[in-house]
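Q: Please take a close look at one part of this model: the place where its chains meet. I would like one connected account.

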Amino acid sequence: MTSDNVETTLLVIDTYFSAKFSTLLFGWAYTTKLLNSYEVEVYSNKSRLGHDLVWFERPDVSDHIKPKEGDFCQGFVIEVDGQISDLSHLDFLEHTYHFDLASLHRSHAIDEFLVGLNDLQKAFVESKLNLNVSLSESSEAPVISKDYDAVEIVVDRAFSVGNKFLYLEGWVAESADMLKSLQIAGFTGNVVNYLYRYKRLDLKKFANSRHCDYRNMGFYALIPCRVDRLDNPLKLRLKGCSKSKQYSDRCIDIQPLPIDEVAATRIILGKLDAQHTQNFNRAASDFSEALQLIWHNKLSNEYDPEVHTFGKAKDHPEVSVVVPIYGRYDFVQHQIINFYVDDDFKNVELIYVLDDPSIYRDFLITCNGVFNTFGYPFKVIFANTNLGFAGANNLGVKYSSSEYILLLNSDVIPSKPGWLKSMLTNYENIENIGILGVSLHYEDHTIQHVGMQFFEDAHHPGIWLNHHPNKGFPSSIIEPFEIKSVEAVTGACMFISRAIFNQVGGFDTGYILGDFEDSDLCLKVIELGHDIYVDGTNSLFHLERQSQNLIPSDGWKHTLTLLNGWRQKQKWDTTIKEMKQRG
Amino acid sequence: MAKKTILIIAHGHPHFHKGGAEKAAFDLYQELRAQGEDAWFLAKTNQKPHGGAAFSAINDGREILFHTSMSDPFLFSNIQTRHLWNDFSDLLRTLKPDIIHCHHYFGLGIELFRIVKKTLSDTRLILTLHEYLAICHNNGQMITPGKSPKLCYKANTVDCHRCFPEKSAGDFFLRERYLKSLLGHVDAFISPSHFLKQRYVDWGLSESLIQVVENGQRPVKKPDLPPISEDRRIRIGYFGQVNKFKGLHILFDALSLLSKHDRNKLAIDVFGANLEHQDSDYQRVIKAALSENDDLVTFHGSYRSEDMASIIMNIDWTIMTSIWWENSPLVIQESFNLGRPVIVSNIGGMSEKVRHGIDGLHFRVGDAVDLARYLALVVSGPEIRNTLAGNIVQPPLLSDTVKELLSSVYCC
């Protein structure tokens with residue numbers, strides 16, 4: 001084998017810069033590995049952090065490395081959601097680079113790193129820093145055309161979404177709605193009809209110089225088409241304006257989306273402002289379909305997980321308790337210290353489902369310690385990829401054996417022993433029951449959950465919100481109840497028979513990254529003809545969202561929630577309305 | 001009847017670290033041996049063991065060092081290492097102690113209580129409470145962290161979160177539940193003060209399980225009080241660590257408020273340890289104050305407990321200016337053991353152990369003006385010293401407290 005066949009990969013962080021809520025990492029990467037796209041993942045100790053990445057030319061590095069044809073050699077700026085002290089390592093291709101604070105150079109001035117960046121890359125850094133970095137005269141600013149009738153359009157990125165959608169991002173400079181027709185070779189429609197326009201603060205100065213409105217300058221588009229039939233590199237053709245400017249200024253490669261579903265989702269939803277988009281239904285429909293394409297493989301895969309058994313399994317357990325673990329795992333310690341002293345747990349099969357590979361090792365070390373300390377047997381089902389709440393629960397149920405299942409969040413902690421059998425008895429005694437929830441409290445004894453209601457809210461038109469009535473009330477002021485019928489219950493704690501769970505096919509995994517799958521399960525059970533109840537005779541603590549805080553809470557995640565809500569409404573609008581009418 | 005085996009556990013061996021709790025635990029062990037009991041001493045250490053061993057031994061082999069550390073300091077948890085559930089458990093099976101008396105769980109891991117009961121269910125488990133460690137994440141001090149600490153009267157999850165914003169109220173809730181659950185294995189608690197006991201009762205421990213037993217003193221010959229005369233200054237001794245919680249700066253503030261006449265009649269001897277370990281701001285404050293007051297303050301550095309009797313011969317009063325609650329300060333017991341009245345802040349363990357106007361004086365905590373008033377009083381009426389010294393009740397002797405433990409705590 002010649003040395004040409006050996007893969008060489010290098011990644012160097014030159015410096016970092018601490019911004020208000022994030023950290024900017026500057027550096028460069030080199031690899032002989034040929035890929036369609038290059039991604040970097042950044043991690044804290046416990047989880048992967050959200051980030052944005054921009055690649056740019058680094059002649060200083062290239063001069064030194066002298067990359068061969070086909071090698072990848074680029075500078076990067078990564079904006080990562082976290083402070084430098086939060087970062088543990090990053091992965092580039094299959095290599096891991098650990099952050100060593102002591103040897104990392106911290107930068108206080110930013111200008112020196114902007115050399116070599118073009119305007120848009122600078123704008124990226126600028127918007128991340130909330131700083132006004134002036135665009136230097138010598139940089140390759142778009143040529144200012146004296147022909148103000150012209151429309152100038154630049155596509156920054158183009159992605160193929162499962163060969164069924166073309167996703168575009170860019171900006172358009174036009175005065176007075178000049179842009180009427182925009183075409184792509186291989187696509188018959190008018191692209192203008194698919195553009196969503198948004199504010200480009202970063203191009204404010206440029207917009208002023210062109211007498212156009214920066215608030216309308218940015219665009220993104222999701223165009224349904226066979227992407228493999230389009231010209232690649234992609235060129236947009238303008239029609240109806242002066243001839244000298246019939247094409248967009250640049251050609252751009254249509255790239256495949258990153259394989260990682262979360263990274264792909266972040267790209268697709270990065271600009272979408274579902275709440276303020278006039279045609280929410282069309283946006284929701286197209287973007288939801290795109291998401292289903294991105295997630296399709298992952299959601300339909302059958303997993304063959306690792307099973308770790310701690311202690312001797314029960315022969316004929318009365319109830320299987322299934323708890324998904326993601327991000328934070330010390331809850332295992334807090335739950336089991338309550339379970340092992342509770343006689344109700346003597347004949348229970350306890351199953352933790354771990355679908356977060358980043359904490360695999362620490363989690364198993366903790367499980368081993370917890371088992372050896374408290375002596376309570378349990379199983380860990382490990383899937384080497386994030387399955388989401390629905391997928392993790394479905395997997396746990398699949399590996400459980402009892403007639404009854406309690407689905408429990410890891411941040412739900414019993415207030416006292418003796419609740420599980422009581423829930424079982426209640427479940428057995430209520431006629432036509434489908435799912436039994438329970439009253440949940442925050443740590444300060446205020447209400448977290450006594451059932452859910454489908455709720456319309458003018459802030460979020462077009463979806464049914466899962467409203468928690470009485471949330472935050474001191475528990476002493478609400479009317480005490482034993483068992484009450486409700487529209488839905490939270491997935492944080494659900495008692496259900498295996499027969500019904502299987503009959504409705506478990507949780508619907510189509511709600512990407514969570515939200516609404518619990519109410520969806522309730523609606524499926526209702527459709528089957530059963531009722532949903534909440535048990536007020538038992539109460540547990542729910543330290544809500546402690547385990548979910550680790551998911552980035554920036555715009556795209558919020559957008560995703562709205563799209564999931566839209567999906568629920570598409571599926572269940574009629575059922576919910578009928579239920580509301582019946583009272 | 002065979003003698004009972006007693007294992008004393010501490011978070012450190014005084015051979016390596018001289019803290020009050022380590023000393024109290026080791027004194028107890030030595031006194032048990034002296035009284036002919038089958039006692040063993042197990043102390044956590046940071047020393048390096050032989051090739052990965054969890055234990056090593058020093059002295060006659062009854063003093064065992066435990067080479068372990070906590071994996072989660074917030075919960076005092078040590079389950080990620082095998083040390084508690086494997087090594088310590090094996091040690092228990094070998095030694096088979098009838099009584100285990102812990103002087104801490106800090107550093108060792110609070111799951112040790114569970115392991116004791118899981119391994120030897122009949123062993124009687126005793127815990128001496130030091131500081132407000134389970135109640136307060138701020139090193140068990142029950143004062144707020146930050147530049148100007150405030151006294152805390154009761155922990156609650158929301159306030160604790162405000163003290164430590166990186167931990168949520170839910171985290172503090174889980175911490176409290178976890179610690180209480182494991183403290184539930186303890187058969188009896190010892191508190192060296194009523195004040196400390198009450199704080200733990202308010203927190204939720206059962207009052208009937210906590211017995212107040214003072215840390216005993218070794219018998220000494222009391223040195224005579226120094227003579228009172230016009231040409232001799234009244235000498236006040238400060239003993240202990242110098243850090244902002246101990247409030248030495250309050251004493252300096254008070255000195256600056258005294259009249260020249262009073263200053264000329266007063267001398268302060270500071271036997272203070274660990275100033276070099278304090279943050280630079282506090283070091284600067286103290287060093288500046290020392291040089292401003294060099295006409296009446298002498299800084300001697302740290303002292304050994306054994307030398308206190310000779311040091312105190314020339315000293316009229318001792319003083320304790322802490323701005324946190326304390327529990328049962330060793331300095332007060334030592335001072336009384338040597339027959340000197342004490343001036344203290346009027347809170348917590350200090351105001352409990354020193355009776356105002358009987359065997360010492362209370363000034364308002366953190367209040368230099370109030371302290372200055374009492375310093376002026378001590379200077380203008382030097383004979384008050386004699387009256388208060390005469391009222392001092394001999395603190396309990398170690399031999400007596402050990403007998404009390406054997407008869408009323410260990411054997412129940």
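How many salt bridges does the rule find across the interface of chain A and chain B?

A: The model is predicted. In it, the rule finds one salt bridge across the interface of chain A and chain B. The side chains of A:Arg328 and B:Asp171 form this link, with N to O at 2.7 Å.

Now the elements on the chain A side. Helix H6 (331-339), helix H7 (360-374) and strand E21 (412-414) of chain A each supply at least two residues that touch chain B. The largest share comes from H7(A), with nine residues. By class, the chain A side has 11 nonpolar, 11 polar and three charged residues.

Next, the extent of the contact. Chain A contributes 25 residues and chain B contributes 21 residues. The area buried between the two chains is about 2,000 Å². Carbon and sulfur atoms give 57% of that area. Within chain A, the residues that lose the most area to chain B are A:His334, A:Thr373 and A:Glu443. Together they account for 27% of what the chain A side buries.

Conventions
Residues are numbered from 1 along each chain as its sequence is written. Chains are lettered from A and ligands numbered from 1 in the order in which they are written. This is a predicted model: local features need pLDDT of at least 70, side-chain atom pairs count only at pLDDT 80 or more; totals for chains, interfaces and linings use all residues. Side-chain values use heavy atoms; hydrogens and water are left out. Contact means heavy atoms within 4.5 Å. Buried area is the accessible area (1.4 Å probe) that two parts lose on being put together, summed over both. A salt bridge is a side-chain nitrogen of Lys or Arg within 4 Å of a carboxyl oxygen of Asp or Glu. Helices (H or I, at least four residues) and strands (E, at least two) are DSSP runs, numbered from the N terminus. Ala, Val, Leu, Ile, Met, Phe, Trp, Tyr, Cys and Pro count as nonpolar, Asp, Glu, Lys and Arg as charged, and the others, Gly among them, as polar.
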